[in-house]
Amino acid sequence: MLKTFIIGIVLGIVAGAAALYAYPVVDQHREASIVSVAPNGRNTESFHVNVPMDRILVGAPGQTQALPPGMEWPVDPVLEGVRVELFKLRNERDTVVGVASRTVAKNERFDVIDWVLHLPARGSVFASIRSEALEGGFRRGELRAGSRELATLSGSVTERWVADTSGNEDAPAGRIELIATYVGSQDGLK
Amino acid sequence: MKYLITLLLGAIVGVVILAAVLIYNPFLAQRGISPLSVSDSELISLNYSSVPSDAIVFTNNGESQWKPYPEKTLQLWEPSIRLSSAMATVMHDARSQTAGIGIKFSSSSERTRLLRGEVLFDSVWYLYLPDRGSLFIEQSENYWPFIREVVAPAYRSSAKSWKGSWLGNLTTGPGALGTSFVTAGSGPLQGTKMQGVESLSAKAYSVDSGPIAAEGRLLIEMPGADENTDDAAFAE
């Protein structure tokens, strides 16, 4: 009887260790990437944010209505002219694939329009957008850095506001469209 | 039949022994020291409160002990993001003055291996510091030492809470020395590559509401660092 018990203990330890080794504790849900090849050979991927339903945070000095309700934006001269937004990020199929932040700031020395796109199963990208608007309402910028699968990519990002014209009652007011153009690099960004 | 029951009881005891070894094994995932603590370069030191209710906004899937703040914040319940969290918070400098805004996205990592004492999170920080510009930090973090030395004791306590003093590095990579990669996006440091380390100092934790008193710290090594730093000097 004692031998059986000891064998059971050993089996329990081995089975537990094997299970921890074989089965992933974390299994991130992965949506298939929708990447198209542009005529110039570059890869493009399109994301968007439905406004207002995908907004998590809109933070800026002097806001009359807080989002989310109850949020208190810090009152500090250091943060004068800073606007931070957090969103859920969708792919071309309108499926949520990540979260994103957009930060706009102005001071005497430099202007900032920065995006961070965080795609949990793939990695993140960081893009700086130039403040000048181009024809068609686009703003264009560069991928500055990335992480994990996206670490070795460089390229550009455009942002554009697209107002909803469907007239549907439950349609969003519009969407922020982001198109990332990736260029693979042997050296990557690191 | 009695042999089968004995075998099953033995197996349950075996699993409990394995769990105890994982939790109490002092050789798994030591807290280590920050490789930047011996750097000769100028360091940017930024502090923030790790208590969700001290943030401007904190959100996750709403099922964790770390509750979304404010309460009515949009939660990350969709399959692709349900193992992720997002936080926006005020960053303070070493003199506790406001230094800027920090945004952190964090997701459970598929590279998590409990057998190796690794509860990993892939996270990125975006920092906007009016004096320095914007910075992007890419890192993986290991929360195993925190879970073992703070969360587990809180569960074992009859009050379902922990009080004490815990300090440890969270950053474990992707840098070879367990540092994060930092890239400056705009401002005076634009395009500069740096490295950093995030650490956590906890004083109180509750099973019901997560951290009650905890402060995070980001250390970023400024450019001009000694490129020929001897790796061996950082060996633990």
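Analyst: A residue is called buried here if 20 or more other C-beta atoms lie within 10 Å of its own, and exposed if 12 or fewer do. The model is a predicted one.

User: Which residues of H2(B) are buried?

Analyst: Helix H2 of chain B spans residues 144-156. The cover over its buried residues includes E6, E7 and strand E10 (193-206) of chain B. By the cut-off of 20 C-beta atoms within 10 Å, the buried residues of H2(B) are Trp144(B), Pro145(B), Phe146(B), Val150(B) and Ala154(B).

User: At which residue of H2(B) does a kink lie?

Analyst: The kink in H2(B) amounts to about 25 degrees and comes shortly before the proline Pro153(B). The kink lies at Val150(B).

User: In what order do the elements of chain B run from the N terminus on?

Analyst: Chain B contains 2 helices and 11 strands. Its C-alpha atoms fill a box of roughly 75 × 50 × 35 Å along the principal axes. From the N terminus on, the order is α-β-β-β-β-β-β-α-β-β-β-β-β.

User: What percentage of the contacts in chain B with a separation of 6 or more comes from residues 24 or more positions apart?

Analyst: Chain B has 236 residues, of which 47% count as buried. Among its contacts with a separation of 6 or more, the share of residues 24 or more positions apart is 58%.

User: Which element gives the most residues to the side of chain B that touches chain A?

Analyst: The contact takes 57 residues from chain B and 61 residues from chain A. Elements of chain B that give two or more residues to this side include helix H1 (2-24), strand E4 (98-108) and strand E9 (180-186). With 13 residues, the element that gives the most is H1(B).

User: How many residues on the side of chain B that touches chain A are nonpolar?

Analyst: That side of chain B is made up of 57 residues. They divide into 19 polar, 6 charged and, as the remaining class, nonpolar residues numbering 32.

User: How many residues of E9(B) are buried?

Analyst: Strand E9 of chain B covers residues 180-186. E9(B) runs antiparallel to E6(B), to which 5 bridges join it, and it also pairs with E10(B) in the antiparallel sense over 4 bridges. E9(B) is mostly covered, and the number of its buried residues is 7 of 7.

User: Which residue of E9(B) is the bridge partner of Leu135(B)?

Analyst: Strand E6 of chain B spans residues 133-142, and it runs antiparallel to E9(B). On the E10(B) side, Thr183(B) stands opposite Lys193(B). The bridge partner of Leu135(B) in E9(B) is Ala184(B).

User: Which residue in the hairpin of E9(B) and E10(B) takes a positive phi?

Analyst: The two strands of this hairpin pair in the antiparallel sense, with 6 residues between them. Within the hairpin, a positive phi near 90 degrees is taken by Gly187(B).

User: Is Ser96(B) buried or exposed?

Analyst: Ser96(B) sits in the loop between E3 and E4 of chain B. Its phi is positive, about 65 degrees, although it is not a glycine. Most residues other than glycine have a negative phi. Because Ser96(B) has 8 C-beta neighbours inside 10 Å, it counts as exposed.

User: Why does Lys160(B) count as exposed?

Analyst: Lys160(B) lies in the loop between helix H2 (144-156) and strand E7 (161-169) of chain B. Phi of Lys160(B) is near 55 degrees, a positive value in a residue other than glycine. Lys160(B) counts as exposed because the number of its C-beta neighbours inside 10 Å is 12.

User: Which strand of chain A has the highest confidence?

Analyst: Chain A averages a pLDDT of 88, and 96% of the residues score at least 70. Confidence in chain A is lowest in strand E1 (residues 35-37), at a mean of 82. The highest value, 95, belongs to strand E4 (residues 82-90) of chain A.

Methods. Residues are numbered from 1 along each chain as its sequence is written. Chains are lettered from A and ligands numbered from 1 in the order in which they are written. This is a predicted model: local features need pLDDT of at least 70, side-chain atom pairs count only at pLDDT 80 or more; totals for chains, interfaces and linings use all residues. Two residues are in contact if their C-beta atoms, placed from the backbone, lie within 7 Å. Ala, Val, Leu, Ile, Met, Phe, Trp, Tyr, Cys and Pro count as nonpolar, Asp, Glu, Lys and Arg as charged, and the others, Gly among them, as polar. pLDDT is the predictor's confidence in each residue, from 0 to 100. The bend at a residue is the angle between axes fitted to the seven residues ending there and the seven starting there. Two strands pair if DSSP finds at least two bridges between them.
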